[in-house]
Amino acid sequence: MEFCCFPMRMSVAPPSYCFVAFPPRAKDGLVVFGKNSARPRDEVQEVVYIAAADHEPDSKVECTYIAIDQVPRTHAIVISRPAWLWGAEMGANEHGVCIANEAINTREPAPESEALLGMDLVRLGLERGATAKEAFEVIVSLLEEHGQGGNYYEDGDSCHTFQSSYLIVDREEAWVLETIGKYWAAEKITEGVRCVCNQLSLTTKMDAEHAELRNYAEGQGWWTTDQEFNFSEVFSQADDHRGCCSAKDSLEKHEESITVETMMNILRDKASGICVDSDSFLTTASIVCVLPQGGSSPCIHYFTGTPDPSRSIFKPFIFVDDVKHVPKVQSPCFGEEDPAKKEPRFLEKPDRRHELYKAHEWARAVIENDQDQGHKLMKTMLDLEKQGLEAMESILSSTDPLDPTEVADLFYDCVDTEIKFFK
């Protein structure tokens, strides 16, 4: 299906960042993963838990724009996503796999035709991959079969299309995957720190690539076989200087071990540009995940569910049976009447704010307009976050098995408490 949109202007990918740190750079045998999602300022992100499920043979799954074949079983996932679409900007699954997506511009524009969004592939990778490698293989297989394309924004006036890059992480390794249409290259990471941003970062070190990648580059006249194959140099736009991944310095400059608090502070850093707050774009949601290597300690996933991590708090989530759903971070459902589903799309923009978002709007107004009260409110919020971090630290350091009943309501209770503080 062709996406019908008004004359397109060249979209610029907002500066968005995701990070991973492995031991020994990360503390206590923990893998620490984080992402800021930079999106249009007025866009609402929701946090959604979806239980594992079995599916009927020959059934389909309706992604943002297209339906594809469903698999027999999907894993439990928790995701942060723009409320109008099916996929996810970032999230985790019950097996300790975490994925983040970045929109990127390359010398080949992404098609306007409706296919899978990069964000759809994030969710599909989480639902279908029990390891980072499996999720990586899911994504590249679906790219080959269905391609990527369609409007990245809820915008009826312009069509904003991007290629995608991914950071795919589990307890043992990470894969950096960068794509141009159905073509891709990937690098495996098992140590140190890594940043992925809205520019191509892979150069000559590639641990896997599409079988026809080099032939395609040669056919386009972008590379000749007598040259060393440098992925970024071949596929980046001429004026793309690949400077944004200098954000990696934000991790590397930390001489001490990197902790969950380190990652949260990096995501809150506005001076570096990692925390985006511009006229057009805002960090609309953030995630930090802690993945213990070895042992039986649970993975812990922290979500803000609200914009601007410098004015939001990270709330923990742990996968167990009977996780309590949290309607207060889920946007209203408009069903088949949703302007994102009706064609032509995006003729209207409904109010997608959820209860936590509305409460946080009030808090942001207080912080901006009343210095004393705003300072007190931020201290209260950060004290609440600290209590959660300390509780999670005790779970990670405990030798006793986790009692699922103690954490099934964890994220629900944190959201509920946060809203009560705002009121």
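The structure holds 0 disulfides, a disulfide being a pair of cysteine sulfur atoms within 2.5 Å. This is a predicted model, in which local features need pLDDT of at least 70, side-chain atom pairs count only at pLDDT 80 or more, and totals for chains, interfaces and linings use all residues. Residues are numbered from 1 along each chain as its sequence is written, and side-chain values use heavy atoms, with hydrogens and water left out.

**Cysteines**

- Cys 159 has a relative accessible area of 0% and is therefore buried (buried means under 20% relative accessible area, with a 1.4 Å probe and protein chains only).
- Cys 195 also counts as buried, at 2% relative accessibility.

**Burial of strand β11**

- Strand β11 covers residues 163-169, and because 7 of its 7 residues are buried, the strand is largely enclosed by the rest of the structure (strands are DSSP runs of E, at least two residues, numbered from the N terminus).
- On one side of β11, Gln 163, Ser 165, Leu 167 and Val 169 are buried.

**Pairing of strand β11**

- Strand β10 (residues 98-104) runs antiparallel to β11 and is joined to it by 7 bridges (two strands pair if DSSP finds at least two bridges between them).
- Strand β12 (residues 174-180) is also antiparallel to β11, with 5 bridges joining the two.
- β11 and β12 form a hairpin, with 4 residues between them.
- Ser 165 of β11 is the bridge partner of Glu 102, and Ser 165 stands opposite Glu 178 in β12.

Notes:
Buried means under 20% relative accessible area, exposed over 50%, partly exposed in between (1.4 Å probe, protein chains only).
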